[in-house]
Amino acid sequence: MAFTGFRRYPFVHLVLIGLFAITVNAIDIFLEWNVALDSTIQPVSQLQPVIAINGLFPGPLINTTTNDFVHVNVFNNLDEPLLFTWNGIQQRLNSWQDGVSGTNCPILPGTNWTYVFQTKDQIGSFFYFPSINFQKAAGGFGPIRVNNRNVIAVPFAKPDDEFDLLVTRSLMTDPTIAFDSIPNIMLMNGKPPFGNPQGKAFESFTVTQGNVYRFRISNVGTTLSFNFRIQNHRMLLVETEGSYTNQTMLDSLDVHVGQSYSVLVTANQVDADYFIVASPKLLNATEFSSLVGVGVLHYSNSVAQPVGPLPTGPDPFDINFSIDQAKSIRWNMTTGAARPNPQGTFNVTNVTISQTFILQNSEGVIKGSPHVVVNNVSYLTIDTPLKLADQLVNGSGVYQLDAFPVQSVNLNASFGVSVVTGNHKGWIELVFKNNLEFIDSWHLDGFGFYVVGFGDGDWTAALRTTYNLFDPVVRSTVQVYPGGWTAVYAFLDNPGMWNLRSQLLKNWFLGQELYIRVHDNDPNPAKERPPPENLLFCGIFNQSSSLLEHRLRP
């Protein structure tokens, strides 16, 4: 996509400052990031620059607590525009900070811009990444922790330590290679597999016998789901993307693109080193051995490297195993999370659905080029952010609201700037149908959704009888199996312009996305935050100073 530039327009919102001040026990966290291509890190031997933040790959941990305000001053030292999005952070009442093309003008090369967002009413494990084109395939991603406030009980004993583990496969700065190729190697926290001759170092976590450790595992890759396991150690699943789960003991865990989990691991084996494995789904690991990520769980008194074959996992082509495990991941209904009241206080047992979207992905050819379409529409990324156009001209001339078909498939594939109405404070049912041959992942910014059902073949209304409405887990990214469907519910209580997309980078780039506009006519900033003081302008608003002054005058 081509960006033509931007303007800054300073203005003050005293009411917003007042809103910030009433948040109890929150702190401000100030971060400064210098983002640049780095040719010295070289996670594999080939000359391959990565996108580093302050010289780090992966980028630095954002370590926050519920309700904190995070200020990230991003200096773009790349030679192309840059945006960061905060995967799973809901940006309550504030889609201005979401960091995708539909909400923000990009940070141009040689400039800086500061994000300010709040981890409002959230806990859990998340990550950030650059959201323009294929930048994520070159790096720029990193972990986010949102810790519980001290006054909120956590449903497990405090672990002796915590580790962030970001697993990715595609690490390519050439978009042509990234577009056409299967990723060539698996990286754990930016490091190649143990024993891989191309690598300089492998990832290792040091533990002490008898202690308990929390692993926050994220699939920050671009293409493939993986199965995660640790040799001779079981894992207790406790959290996913801001929800405490029913605690389940696992031998292995499927993690799909864009998903995050927390597991507790007890160092209860003899002092030795043990393999940590992430192997791809729907691929033959024998043929693609470099796509098996291998790290090491190192006991502090161990003097030898791990031995023996890698621990085996489920058959990578056994979809039923994965579906059954997904169905077994349930919401812990009795524990609090960001608030002291139990998570289950707010449930979907008796909700009234006000909207249903049935979204089918497939491949389509438009003007001679391949694209990924949703209901036969491929999203057309434009230079003007939808949220900016919504604020200034009510979207006029930028997008046509509700032109996208939400329950039918157009006859012919076409481009569209797909923006649909989400009923404010209404319940929406989203049904994702996967017509492709790989496991897809759908993500919704701004919300957590309740994962109520999985199924094979076509979805019909009669299949609602199979939904789990008692304790469905709440998360922001969900997998959809080949030829199957996944259904979720979401309560649209967060006004803004929210991106609904495939987490598979190639699919997203090729058009598998749309935006849900959740609008509240009340201008009270307690309902939705006004534009930030440092708002950037671009696209059709790049030179429209008189219009901007009129529209944004306090």
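## A glycine in a loop

Let's start with Gly99, which sits in the loop between β6 (84-87) and β7 (112-118); strands here are DSSP runs (E, at least two residues), numbered from the N terminus. At 0% relative accessibility, Gly99 counts as buried (under 20% relative accessible area, with a 1.4 Å probe and protein chains only).

Leaving aside residues up to four places away in sequence, Gly99 touches Leu83, Phe84, Thr85, Asn104, Tyr115 and Ser131, where contact means heavy atoms within 4.5 Å. Thr286 is 187 residues from Gly99 in sequence, and their C-alpha atoms are 39 Å apart in space.

## About the model

This is a predicted model, in which local features need pLDDT of at least 70 and side-chain atom pairs count only at pLDDT 80 or more, while totals for chains, interfaces and linings use all residues. Residues are numbered from 1 along each chain as its sequence is written, and side-chain values use heavy atoms, with hydrogens and water left out.

## Two nonpolar cores

A nonpolar core is a set of buried Ala, Val, Leu, Ile, Met, Phe, Trp, Tyr and Cys residues joined through side-chain atoms within 4.5 Å. The largest one has 72 residues, and Phe215, Phe228, Leu297, Phe432 and Leu500 have the most contacts inside it. A second, separate core of 59 residues includes Ile51, Ile53, Leu78 and Tyr399.

Terms used: Buried means under 20% relative accessible area, exposed over 50%, partly exposed in between (1.4 Å probe, protein chains only). Helices (H or I, at least four residues) and strands (E, at least two) are DSSP runs, numbered from the N terminus.
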